Amino acid sequence: MDDNVEKYQSDKKRRSPKMCGSNYPLSIAFIVVNEFCERFSYYGMKAVLTLYFIHYLHWNKNLSTAVYHAFSGLCYFTPIIGAIIADSWLGKFKTIIYLSIVYVIGHVIKSVGAIPDVGDSTVHISLSMLGLILIAFGTGGIKPCVAAFGGDQFEEEHTEERRKFFSIFYMSINAGSWEAIYLIIVESCVCARLSAFVVVFIAGSGLYNKGPPEGNVLLNVCKCIGCAISNRWRRPKNSPKRDHWLDWAEEKYSKRLIQEIKMVLRVLVLYIPLPMFWALFDQQGSRWTLQATRMNMDFVSLLSFLWEKPLRKMAAGMILAALAFCAATVVEVNVIKTVVETPPAKQCLLQVLNLANGDVSVHIPGHNIFPDPIKSYDEPSGYTNLPLDDAHQILTVDITHNGANHQCHLNFTQHNVYSLILDNRITCKLVKDSYTKSEAGEAFVRFINTRTDSMNISVGSKQFHVPGNYGTSLSLGVERGNVECISLDTLMIYKTDLGLFDFGAYYTVILRGDPNSLTHNKMVDVQPNNIHIAWQIPQYVLITAGEVMFSITGLEFSYSQAPASMKSVLQAGWLLTVAFGNVIVLIVAEGAGMEQWTEFLLFAALLVAVSIIFSIMSYFYTYADPDQLNKLFNEEANEGNMDDLKKEKDRMHMKDLPKGTKM
């Protein structure tokens, strides 16, 4: 007998000690704590990954979203590799150990790539991508092994305890991910947990039931399927029919293997609709994170609901995820109300800042966009759309002030946003405005100096230089809060309270006054993020509840329906549904070109349709019992052995009879 098999049988006889007189092996405590620490480090990194791409690597939203989901997809394609290594070469225990080391190395390399003093942007990108690839191979490689390895710790008769283990196991995933979100700002916490998860797993080594590798199961499965297909299409016309197309491989492969492949394929067919759930779920770290940056983050309230749900709730979990995206759609529709969108082709946006003493009337021939007089120092109501005849156009602007008519000729360009500043002399000054909201929640401010002397202004750590005679400063980002500015001209120092600069807003501050005093008018060019981030709570609650109902069931289902030799393979198949879900996001996000709220609504509708299809498929699915299959083939093997023994006894008996004796 093989040494590995003997050792495994010895481990099975020894059995792990039980926890507190229950039927739960003590070894699963190490597995659950290990999973908690590993998920802490993984989700801690992933929670800020999209923002890391945008703010540190300076990528745009779409590229950041694409790379985020490409990384997530790779993390769930690599389980196939982990399953092959575990089942064909190292076994689950050693696979988890070795690939965990790869995983830790990936985190270290990525962390080095995030150090500002290490190289230039090319080095940062290269190290970050190398680190992410190693993390993907490490975490993906151990994914199909950990849950299945935990299930292996239970004795065959303790099926109810094993079922509950998968709920506990998944709760450890959620607990690790939520704590990571709370504590990610403390880098040392992540590093400590990163090291801890390998140490914790190794610490329980003496308690584990370590099954030997089952051989190259996936390769045998592929060969068997190929043989069946080949024989099916090359069969003679008069060949007898087979009950199943896989039965055409019986000439070369055992009935047991064929039956096990049938069980696996039936489950994999049921997996076909599942990627759509993960397509929605994994957008928490990309599209939902970007949505949060355009909301009011006066406080951040994270809510975690962990509870145990009964089996056969996967379709209900899909519906909850779809409802989560409906909630996200409602939030998004309200969020974009404060966003100034880039004007389309042959259009621009215009607002008028009347800094003259008295009302002015602004008229652009052919465009009735400012029908009412504009009051002196009145805050604009917002930008107004101005159509153009071409990409660039010079327009005549007629201005009436105190009964006198003035005329300006201004050059407008499509896609741009402008402020038309009018002073006491009705000098027209057309300024190109910034309007894109900060992903970091900063407020932006610019100053217009109506005084004759230039001024230097300090707002927090930001310095503004504002020329005199209606000069305009650059628009710079400042942190949200109540702001005081210190103004310095050639004669005096002034300290002025500018009030609240709120998340995502753009402000214009008009500086006025005589040489002995300084006053100001604060105007809002782009409205602040007035939708509170707490409005994201319902969608997170729904998606979390949906995930618990969907994923706990899926983990236990994948394990319970898999033959003993193919548990890691089927676990990898389950994880592949997550990978394909991320591929769906890549296709839709990069190819559809939709507004964000319509994209959310599309995903919700697709998942509802998929949940209906999945429900129909589930209705016709017949649950299998791999243990019964083992008993059946073991009984057949025993009967075969008895027949062989009887034949051998008869042969020996015949040998002992005198020649010529008739029976």
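Figure 1. Of its 23 lining residues, R39, Y76, K143, I173 and L575 are the closest to the centre. Helix α6 (a DSSP run of H or I, at least four residues) supplies the largest share of the lining, 5 residues.

**Figure 2. Aromatic pair W288 and F325.** The two rings are tilted, at 5.2 Å centre to centre and 40° between the planes; rings of Phe, Tyr and Trp (its six-membered ring) pair if their centres lie within 6.5 Å, with planes under 30 degrees apart counted as stacked, over 60 as edge-to-face and the rest as tilted. W288 in α12 and F325 in α13 are 37 residues apart. Both are buried (under 20% relative accessible area, 1.4 Å probe, protein chains only).

**Figure 3. Charge over the ring of Y377.** The charged end of R512 sits 3.8 Å from the ring centre of Y377; the criterion is NZ of Lys or CZ of Arg within 6 Å of the ring centre and within 35 degrees of the ring normal.

**Notes.** Residues are numbered from 1 along each chain as its sequence is written, and side-chain values use heavy atoms, without hydrogens and water. In this predicted model, local features need pLDDT of at least 70 and side-chain atom pairs count only at pLDDT 80 or more, whereas totals for chains, interfaces and linings use all residues.

Note on methods: 1 Å grid on protein atoms, 1.4 Å probe; cavity = no way out; pocket = protein on both sides within 12 Å on 5 of 7 lines; lining within 4 Å. Helix = DSSP H or I, 4+ residues; strand = E, 2+ residues; numbered from the N terminus. Buried < 20%, exposed > 50% of the residue type's maximum accessible area, 1.4 Å probe, protein only.
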